[in-house]
Amino acid sequence: MLELLLVIPAALFMLALFLREVQPLAQTGRVVDWFSHHLVLGLYVFLVAMPLTALFAGSAILLRTWHGEPEFRNATVQMLATIRAHIAPIVIAGTTLMAGSILVIVAMHMIAE
């Protein structure tokens, strides 16, 4: 839960950047402006330090779990084997989601203009 809290401000900023380009009337530029006007807090703390802390903490927890729990290792190996066995439908599902996302972005852009 702590890692999620560490990443939420950066995710909010990235979402605001995306929405500012796709739907400029949504007032998301205010979030982007706030981050740019508060350089130390906005950039260094929310966009660098907090996600970096989440990355290091998550990596340490995963490494400790990997070494301490054989069930986790077995589940990971089984998951990778399943993915390898069904790679074609997984790639198709991923590209289908990507195509749908692109169509939504294009439609929102067309509506905004």
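The model is predicted, with local features needing pLDDT of at least 70 and side-chain atom pairs counting only at pLDDT 80 or more, while totals for chains, interfaces and linings use all residues. Residues are numbered from 1 along each chain as its sequence is written, and side-chain values use heavy atoms, with hydrogens and water left out.

**Stop 1: the core.** Select Leu6, Phe13, Ala16, Val32, Phe35, Phe46, Met50 and Ala54, the eight residues of the largest nonpolar core. Such a core is a set of buried Ala, Val, Leu, Ile, Met, Phe, Trp, Tyr and Cys residues joined through side-chain atoms within 4.5 Å. Buried means under 20% relative accessible area, exposed means over 50%, and partly exposed is in between (1.4 Å probe, protein chains only). At least two residues of this core come from each of α1 (2-22), α2 (29-37) and α3 (39-68). Helices here are DSSP runs (H or I, at least four residues), numbered from the N terminus.

Next, pick phenylalanine 46. Leaving aside residues up to four places away in sequence, Phe46 touches Pro9, Ala10, Trp34, Phe35, Leu41 and Pro51; contact means heavy atoms within 4.5 Å.

**Stop 2: α1 against α2.** Axes are lines fitted to C-alpha atoms over the stretch in contact, and angles run from 0 to 180 degrees between N-to-C directions. On the α1 side, select Pro9, Leu12, Phe13, Ala16, Leu17 and Arg20; on the α2 side, Gly29, Val31, Val32 and Phe35.

**Stop 3: α3 against α4.** Move to helix α4 (residues 70-85), whose axis comes within 5 Å of that of α3 and crosses at roughly 100°. The two are therefore roughly perpendicular. Leu62, Thr65, Trp66, His67 and Gly68 of α3 meet Pro70, Phe72, Arg73 and Thr76 of α4.

Stay on histidine 67. Is His67 buried or exposed? Histidine 67 is exposed, with a relative accessible area of 59%. From His67 to methionine 50 is 26 Å, C-alpha to C-alpha, with the two 17 residues apart in sequence.

**Stop 4: alanine 107.** Finish in helix α5 (residues 87-112), where alanine 107 is found. Ala107 is partly exposed, at 35% relative accessible area. Draw a C-alpha to C-alpha distance to valine 22: the pair is 9.5 Å apart in space and 85 residues apart in sequence.

How values were computed
Parallel < 35°, antiparallel > 145°, perpendicular 65-115°, else oblique.
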